[in-house]
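Please review the sequence and structure shown here.

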Amino acid sequence: MTAVHHDRTELSVVIPMYNEEEVLPVLVERLRPVLDGTGVRYEVVAVDDGSTDKTAARLEDLRARWPQLRVVALRRNSGHQAALTAGLHSARGAYVASIDADLQDPPEKIPEMLDLARSQRLDIVYGVRSDRSTDTGFKRRTAGAYYWLIRRLVGKNVPSQAGDFRLLSREAVDALKTLPDQQQVYRLLVPWLGFPSGQVSYQRDERAAGETKYPLRKMVGLAITSITSFSAAPLRLATWLGVVSFFTCLAMLVFTLTAYALGNTVPGWTSLFTAMLFLGGVQLICFGLLGEYVGRIYTAVQQRPTYFVASDSGRTAEAAVPAATPAAAEPLVPSGRPEAGQLPPA
């Protein structure tokens with residue numbers, strides 16, 4: 001029987017989307033010619049992360065005119081990293097590129113990434129931002145502080161100024177799929193794998209349309225998740241704060257006993273009040289850090305999926321492929337010779 005193969009895709013491009021109806025036409029206008037020009041069989045996995053605007057409807061319209069477009073719709077808004085996880089798990093390509101829909105990362109670099117991975121046998125190719133002049137000064141400073149802190153805590157294997165614009169081999173994607181992390185931070189998980197990697201530099205552009213989906217609140221949340229998921233340094237910080245507070249209190253005790261011996265026993269409400277505030281602040285910081293790690297343990301123990309797929313147009317298309325009919329199938333027994341245990345024709 002002739003087998004039907006569906007996994008011959010060479011390149012998959014994963015694009016998480018949340019309320020991106022304004023940027024979709026520009027995205028397709030730039031991305032499709034680039035991918036068509038690669039000369040390889042490809043698919044575009046657009047992950048609709050529970051959008052509340054017309055993103056889903058526009059994706060369906062585009063899919064009717066772009067056969068390589070595949071739409072994976074999540075049941076609810078699960079977050080950027082969860083949507084990226086859904087796309088990576090759904091992608092079929094031998095190489096998988098991930099890019100945001102806002103076009104701040106140029107899709108024209110994807111063929112260069114693919115060529116570099118093939119020519120040098122690399123499993124990971126990072127898109128590194130060499131110029132962020134289009135970002136605000138606040139964004140550049142906070143991003144610089146984030147990468148400086150992460151490289152100090154996690155290790156220098158984390159590329160500076162590399163976000164979620166990257167190319168992964170099938171081996172790297174399969175390795176990521178085996179990791180049990182509940183809250184994925186791929187800009188740290190991917191370097192942690194240790195696969196052979198390279199870099200492609202580019203200038204970061206302004207957002208093509210729409211509003212940013214990563215305000216300050218989400219940036220702070222990403223930083224906290226990155227630190228607590230990959231380093232125990234905050235817990236060690238709590239320990240050192242406790243040590244510092246102990247020696248501070250010991251010094252204040254020596255000062256108090258010296259003042260008592262010299263007869264300078266004036267009311268010391270200022271020093272007492274300061275010491276109480278200091279110790280209270282240290283204790284609250286320590287409890288807060290401990291609570292962050294306990295919360296992550298609680299989330300991991302629950303083992304709840306980070307996303308639920310409502311529909312996948314790629315699976316629907318695969319199910320619609322007809323199976324080989326008995327007439328087209330190759331005969332299992334040579335003509336004119338009965339099977340064992342079968343009576344010959346009359």
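**Nonpolar cores**

Leu 167 touches Leu 11, Tyr 95, Val 96, Ala 97, Met 113, Leu 114, Ala 117, Asp 123, Ile 124 and Val 125, leaving aside residues up to four places away in sequence; contact here means heavy atoms within 4.5 Å. The model is a predicted one, in which local features need pLDDT of at least 70 and side-chain atom pairs count only at pLDDT 80 or more, while totals for chains, interfaces and linings use all residues. Residues are numbered from 1 along each chain as its sequence is written, and side-chain values use heavy atoms, with hydrogens and water left out.

- The largest nonpolar core comprises 36 residues, and Leu 11, Ile 15, Leu 35 and Leu 167 have the most contacts inside it.
- Apart from that core lies another, of 25 residues, including Val 45, Ala 172, Ala 175 and Val 190.
- A nonpolar core is a set of buried Ala, Val, Leu, Ile, Met, Phe, Trp, Tyr and Cys residues joined through side-chain atoms within 4.5 Å; buried means under 20% relative accessible area, exposed over 50%, and partly exposed in between (1.4 Å probe, protein chains only).

**Packing of α6 and α7**

- The axes of helix α6 (residues 170–177) and helix α7 (residues 186–193) come within 11 Å and cross at roughly 115°.
- Axes are lines fitted to C-alpha atoms, for helices over the stretch in contact, and angles run from 0 to 180 degrees between N-to-C directions.
- Ala 172, Ala 175 and Leu 176 of α6 form the contact with Tyr 186, Leu 189, Val 190 and Leu 193 of α7.
- By class, the residues of this contact are seven nonpolar, no polar and no charged; Ala, Val, Leu, Ile, Met, Phe, Trp, Tyr, Cys and Pro count as nonpolar, Asp, Glu, Lys and Arg as charged, and the others, Gly among them, as polar.

**Loop residues with positive phi**

- Asn 19 is not a glycine, yet has a positive phi of about 55°.
- Asn 19 lies in the loop between β1 (11–17) and α1 (24–36), and is partly exposed at a relative accessible area of 21%.
- Arg 121, also not a glycine, has a positive phi of about 55°.
- Arg 121 is placed in the loop between α4 (110–120) and β5 (124–131), and counts as exposed at 73% relative accessibility.
- Helices (H or I, at least four residues) and strands (E, at least two) are DSSP runs, numbered from the N terminus.

**Thr 248**

- Thr 248 belongs to helix α9 (residues 233–261) and is partly exposed, at 32% relative accessibility.
- The C-alpha atoms of Thr 248 and Phe 278 are 9.6 Å apart, with the two residues 30 residues apart along the chain.
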